[in-house]
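Subject: Handing over the model

Hi there,

Here is the structure I promised to pass on to you. Please open it alongside this note, and I will walk you through what turned up.

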Amino acid sequence: QVQLVESGGGLVQAEGSLRLSCAATGFTFSTYGMAWFRQAPGKERDFVAAISWSAGTTYYADSVKGRFTISRDNAKSTVILQMNSLKPEDTAVYYCAKASRPWSIRMQDYAYWGQGTQVTVSS
């Protein structure tokens with residue numbers, strides 16, 4: 001069974017930092033692309049960042065470029081989202097997701113999701 005468990009969310013002040021982790025089990029982690037998405041109430045779920053199977057390719061939404069960094073540790077089957085210089089508009093539930101291929105930035109290719117972790121950034 002594919003399982004993705006996010007952790008690290010919480011309440012942080014603007015300009016602060018958070019580090020989100022996603023622990024993956026139930027599949028050969030190093031052969032699949034991974035991504036982080038976020039969704040605020042009443043809004044669409046949006047791509048935040050994606051990373052290829054070998055970490056050779058990454059994608060960042062324009063809204064987070066220069067502030068967020070996605071990484072992966074294949075030995076630990078873990079995906080990290082380091083979030084710096086946080087803004088109130090970053091407030092959302094953040095989801096870790098597994099692609100069905102080694103690299104993808106299409107939501108349709110992400111069939112497995114974690115439970116989400118809440119990130120709240122105060123003014």
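In which sense do strand 1 and strand 3 pair, and over how many bridges? The sense is antiparallel, and strand 1 and strand 3 (residues 18-25) are joined over five bridges. Please keep in mind as you look around that this is a predicted model.

In strand 3, alanine 23 is the bridge partner of valine 5. Towards strand 8, the bridge partner of alanine 23 is threonine 78.

Strand 1 (residues 3-7) is also worth a look for its side chains, which alternate. Leu4 and Glu6 point to one face and are buried.

**The salt bridges**

The structure holds five salt bridges. One of them joins the side chains of arginine 67 and aspartate 90, at 2.8 Å from N to O. This pair links distant parts of the chain, 23 residues apart: arginine 67 sits in the loop between strand 6 (58-60) and strand 7, and aspartate 90 in the loop between strand 8 and strand 9 (92-99).

Are the two partners buried or exposed? Arginine 67 has a relative accessible area of 10%, so this residue counts as buried. Aspartate 90 is buried too, with a relative accessible area of 1%.

Aspartate 109 takes part in two of the contacts I looked at. With arginine 101, aspartate 109 forms a salt bridge whose closest N and O atoms are 3.6 Å apart. The side chains of aspartate 109 and arginine 106 also meet in a salt bridge, at 3.6 Å from N to O. Aspartate 109 is buried, at a relative accessible area of 7%. Arginine 101 is partly exposed at 42% relative accessibility, and arginine 106 is partly exposed with a relative accessible area of 46%. Elsewhere, salt bridges that share partners join Arg38, Arg67 and Asp90 into one network.

Happy viewing, and do write back with any thoughts.

Best wishes

Methods: Residues numbered from 1 in each chain as written. Predicted model: local features only at pLDDT ≥ 70, side-chain atom pairs only at ≥ 80, totals over all residues. Heavy atoms only, no water. Buried < 20%, exposed > 50% of the residue type's maximum accessible area, 1.4 Å probe, protein only. Helix = DSSP H or I, 4+ residues; strand = E, 2+ residues; numbered from the N terminus. Pairing = 2+ DSSP bridges. Salt bridge = Lys/Arg side-chain N within 4 Å of Asp/Glu carboxyl O.
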